[in-house]
Amino acid sequence: MDEVATKIIEILKKHMKEPRDNIELSTPLTDLKIESLDLAMIVFDIEDSFQIEIPYNANEEVEDFKTVGSVVDRVKSLIAAGPAGAGAAKA
Amino acid sequence: MKRADGSRRVVVTGMGAVTPIGLDVNEYWASLKAGKCGVGRIENFPIEDLYIPIAGEIKGFDPATHVKSKQVQYGERYSWFAGRAADEAWTQSGLAKPYGNPYRACCIVGSGAGGYSTVENAYRSLFIENKKATHPLTLLRIIVSSASAHVGIEYGIKGPTFATCSACSTATHAISLAYDYIRNGVVDVGVAGASEAVLTYGSMRVWQAMRVLSPDGCFPFNKKRNGTVLAEGAGILILEEYEHARRRGAPILAELLGCGLSSDSKDMVNPDIDGPRSAMQLALDDAGLDPSEIDYLNAHGTATALNDVNETNAIKAVFGDHASKLAISSTKSMTGHLLGAGGGIEAIACIKAMEEGFVPPTINLTDPDPKCDLDYVPNVGREKKVRYTMSNSFAFGGLNAVLVFGQPPA
């Protein structure tokens, strides 16, 4: 697992009520018992760690937040887009 | 004439509203009937980097022209809204100013957040502009009890005067407390409701971080709903003991028949069915009504993914077969979410619905969520005889408050 994935899993563990070690890229977030408010805090931590902005909305079934791997992919694409790209993604 | 339990009857003799779709009750109600939307792109402050660029703003509000009282003008935006709404309500009631029996009146005007814009401007001037001091009135403008104090001073009210604070149930809690005071003989007259003015850059950032706001509109009960929309304003009622109102020939607009208060005591953001269900049931029990007697229900209807399904299920749990016959609407589809003040303007919508025999619509309901399968009066309001109405307020933290109104006593 690369640096981005390792860091994201670290953040997920920090917010899980019952942290566990067997987290794979294919693990669905629902399996980690992460609820909406937890996810808002996780997204905040990810934004802070990677200096990006993620336009996440707790009201929507966002495909980008289904599995650990999909979160990693989303973060990587926002990092690649850079600050200007992240801004464009917001609109 | 008293209630079945020997307590005193409580009627509404005045109403005042300041909303994104009208700066008084008549304009507000005309907009509700017409299905007018008050949500739009933020214009009152620079959007800068906000990715939620919409709100239900009150545009062009000038305290010098829209607020009569000089001492209220010394307050801040949330007190101005309260002052204007209270003035409209008090004037309609025909009560003397100052009130002649001052210890027999209460003034309960709440707010979810009080002087939010004053906090932000003061800290901006200290931390960014390096000013040496804040404006001397900063503290008095910030405190959440300042609107109740301003309004109480305006009408010479010397009985219980304070603010309630329960996020989106604030106004409804204020009205239910004043109702209890009058019903149990503590006072004869009450000013009750709430005011909110949290549309600032900093506040939008705080809400944005919670990830519950929609970037493009308020769509209650719609499949595409994607969050609520913040708004500002005030809604205030004058409540009065029935005989007191009748003796002085006051305009009696409605009777406040029941209140139901409960707490989910479970989670800060995920609502429970049992909390809202019990609040609605308690309000019906207090009013002595069968669920089938309610003709119109003004829903909390925030357009968040969770609320609208949960509220629908709670309504079904209380109303049973009648749930599908009930006219329900979320007027937040037009006003946006006035947070603490929401219950105040929504109580007014209920009273106007009875008065005019017309139920306001839920606009933006183009594609209903199959899990929200009741009659939400989609898109266009309709004529309907309304005998009794219910107004729901459910807040973050699981704080539930419900009111039941009836026609003026015959």
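Predicted model: local features only at pLDDT ≥ 70, side-chain atom pairs only at ≥ 80, totals over all residues.
Reader: Which residues is Arg141(B) in contact with, once neighbours within four places in sequence are left aside?

Author: With those neighbours set aside, the contacts of Arg141(B) are Gly75(B), Glu76(B), Gly115(B), Thr118(B) and Ser146(B). Tyr116(B) lies 25 residues away from Arg141(B) along the chain, and the C-alpha atoms of these two residues are separated by 9.0 Å.

Reader: How should I read the packing of two helices, and at what angle do H8(B) and helix H14 of chain B pack?

Author: Two packed helices are described by the angle between their axes and by the distance between those axes. For H8(B) and H14(B), the latter covering residues 342-356, the angle is about 65° and the axes are 5 Å apart. That makes H8(B) roughly perpendicular to H14(B), since angles of 65 to 115 degrees are placed in that class. Thr170(B), Ala171(B), Thr172(B) and Ile175(B) make the contact from H8(B), while Gly342(B), Gly343(B), Gly344(B) and Ala347(B) make it from H14(B). By class, the residues of this contact divide into 3 nonpolar, 5 polar and no charged.

Reader: Which domains does the domain assignment give for chain B?

Author: The assignment gives domain 1, residues 10-247, and domain 2, residues 259-406. Taken over C-alpha atoms, the centres of these two domains of chain B are separated by 21 Å. Their contact takes 60 residues from domain 1 of chain B and 55 residues from domain 2 of chain B. On the domain 1 side, the largest share comes from H8(B), which gives 7 residues. That side, sorted by class, has 30 nonpolar, 23 polar and 7 charged residues.

Reader: How many residues does the contact take from chain B and from chain A?

Author: An interface can be read from both sides, and here 13 residues come from chain B and 12 residues from chain A. The side of chain B that touches chain A has 7 nonpolar, 4 polar and 2 charged residues.

Reader: What is the mean pLDDT of chain A, and where does pLDDT stay under 50?

Author: Confidence is best read both for the chain and for its parts. The mean pLDDT of chain A is 84, with 89% of its residues at 70 or more. Chain A has 3 helices and 0 strands, and among its elements helix H1 (residues 3-15) has the highest mean pLDDT, 93, whereas helix H3 (residues 68-90) has the lowest, 74. Over residues 84-91 of chain A pLDDT stays under 50, and for this stretch the model has 10 contacts beyond four places in sequence.

Terms used
Residues numbered from 1 in each chain as written. Chains lettered and ligands numbered in written order. pLDDT = per-residue confidence, 0-100. Helix = DSSP H or I, 4+ residues; strand = E, 2+ residues; numbered from the N terminus. Contact = placed C-beta atoms within 7 Å. Nonpolar A, V, L, I, M, F, W, Y, C, P; charged D, E, K, R; others polar. Domains from an automatic or database assignment. Axes fitted to C-alpha atoms, helices over the stretch in contact; angles between N-to-C directions. Parallel < 35°, antiparallel > 145°, perpendicular 65-115°, else oblique.
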